[in-house]
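Subject: Structure for your review

Dear colleague,

Please find below the structure I wished to hand over to you. My findings follow directly after it, and I would be grateful if you could read them with the coordinates open.

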Amino acid sequence: MNITVVTVGKLKEKYLKQGIAEYLKRLSAYAKVEVVEVPDEKAPENMSGAEMTAVKEKEGERILAKISHDSHVIALAIDGRKWSSERLARELDQLATYGKSKVAFVIGGSVGLSDAVLQRADGKLSFSDMTFPHQLMRLILVEQIYRGFKINRGEPYHK
């Protein structure tokens, strides 16, 4: 399975980089997983609705350019469905079983995802009703993908 995490913005925090690198290393035994960063759009602190839409659209174009046409796309969105770790594991297993070997998870920038990205998505996933920084979400996501593979293989992993 080939998994791509497409995300907006550059990761600066060393501790997050180290955590993500550790999970990517662990995941290499199960799948090819890569994190692809697209540049965030510079925007004023207090944006109007139109400015927010413009930012999302520009970032969305960059995101879509990094997703292959045959990828199954899961957008992380606060209004998405909430899955347990076991459900994520089942979804990954189902995708692999039925020939969807390319999966792209999409993490938007600070103002969210464009309508075009959400329309391209095959599903929307929410990790919580809480809002997380998109940089931290990368770490949480790769950890959950790793956990999913461990669950599917019946291998022990801390709870």
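Phe149 is buried, with a relative accessible area of 8%. The model is a predicted one, and Phe149 belongs to helix 5, which spans residues 134-153. A search of the whole structure returned four aromatic pairs. In one of them, the ring centres of Tyr30 and Phe149 lie 5.7 Å apart with the planes at 20°; an angle under 30 degrees counts as stacked, so this pair is stacked. The pair joins distant parts of the chain, since 119 residues separate Phe149 from Tyr30, which sits in the loop between helix 1 (14-27) and strand 2 (32-38). Tyr30 is likewise buried, at a relative accessible area of 14%.

A further pair is formed by Tyr146 and Tyr157, whose ring centres are 5.1 Å apart and whose planes meet at 80°; because an angle over 60 degrees counts as edge-to-face, the pair falls into that class. This pair also links distant parts of the chain: Tyr146 is in helix 5 and Tyr157 in the segment after helix 5, eleven residues apart. With 7% relative accessibility, Tyr146 counts as buried, and Tyr157 is buried with a relative accessible area of 18%. Through ring pairs, Tyr23, Tyr30, Tyr146, Phe149 and Tyr157 are linked into a cluster.

I turn next to the packing of the helices. Helix 1 and helix 5 pack with their axes 9 Å apart, at an angle of about 20°. The cut-off for roughly parallel is under 35 degrees, so helix 1 is roughly parallel to helix 5. The crossing in which helix 1 passes helix 5 is left-handed. On the side of helix 1, the contact involves Leu16, Gly19, Ile20, Tyr23, Leu24, Arg26 and Leu27. These residues meet a set in helix 5 that includes Leu136, Leu139, Val142, Ile145, Tyr146 and Phe149. By class, the contact of helix 1 with helix 5 comprises eleven nonpolar, two polar and three charged residues.

Helix 5 also packs against helix 3 (residues 85-97), at an angle of about 75° and with the axes 8 Å apart. Angles of 65 to 115 degrees count as roughly perpendicular, and helix 3 and helix 5 are therefore roughly perpendicular to each other. Helix 3 contributes Ser85, Glu86, Leu88, Ala89, Arg90, Leu92 and Asp93 to the contact, while helix 5 contributes Gln144, Ile145, Arg147, Gly148, Phe149, Ile151 and Asn152. The contact of helix 3 with helix 5 divides into six nonpolar, four polar and four charged residues.

Two individual residues complete this account. Gly148, in helix 5, is buried with a relative accessible area of 0%. The C-alpha atoms of Gly148 and Glu45 are separated by 37 Å, and the two residues are 103 apart along the chain. Ser114 lies in the loop between strand 4 (102-107) and helix 4 (115-120). Ser114 is buried, at a relative accessible area of 5%. Apart from its neighbours within four places in sequence, Ser114 is in contact with Lys56, Glu57 and Gly60.

Yours sincerely

Conventions:
Residues numbered from 1 in each chain as written. Predicted model: local features only at pLDDT ≥ 70, side-chain atom pairs only at ≥ 80, totals over all residues. Heavy atoms only, no water. Phe/Tyr/Trp six-rings, centres within 6.5 Å; stacked < 30°, edge-to-face > 60°. Helix = DSSP H or I, 4+ residues; strand = E, 2+ residues; numbered from the N terminus. Buried < 20%, exposed > 50% of the residue type's maximum accessible area, 1.4 Å probe, protein only. Axes fitted to C-alpha atoms, helices over the stretch in contact; angles between N-to-C directions. Parallel < 35°, antiparallel > 145°, perpendicular 65-115°, else oblique. Left-handed = near helix turned anticlockwise from the far one by under 90°. Contact = heavy atoms within 4.5 Å. Nonpolar A, V, L, I, M, F, W, Y, C, P; charged D, E, K, R; others polar.
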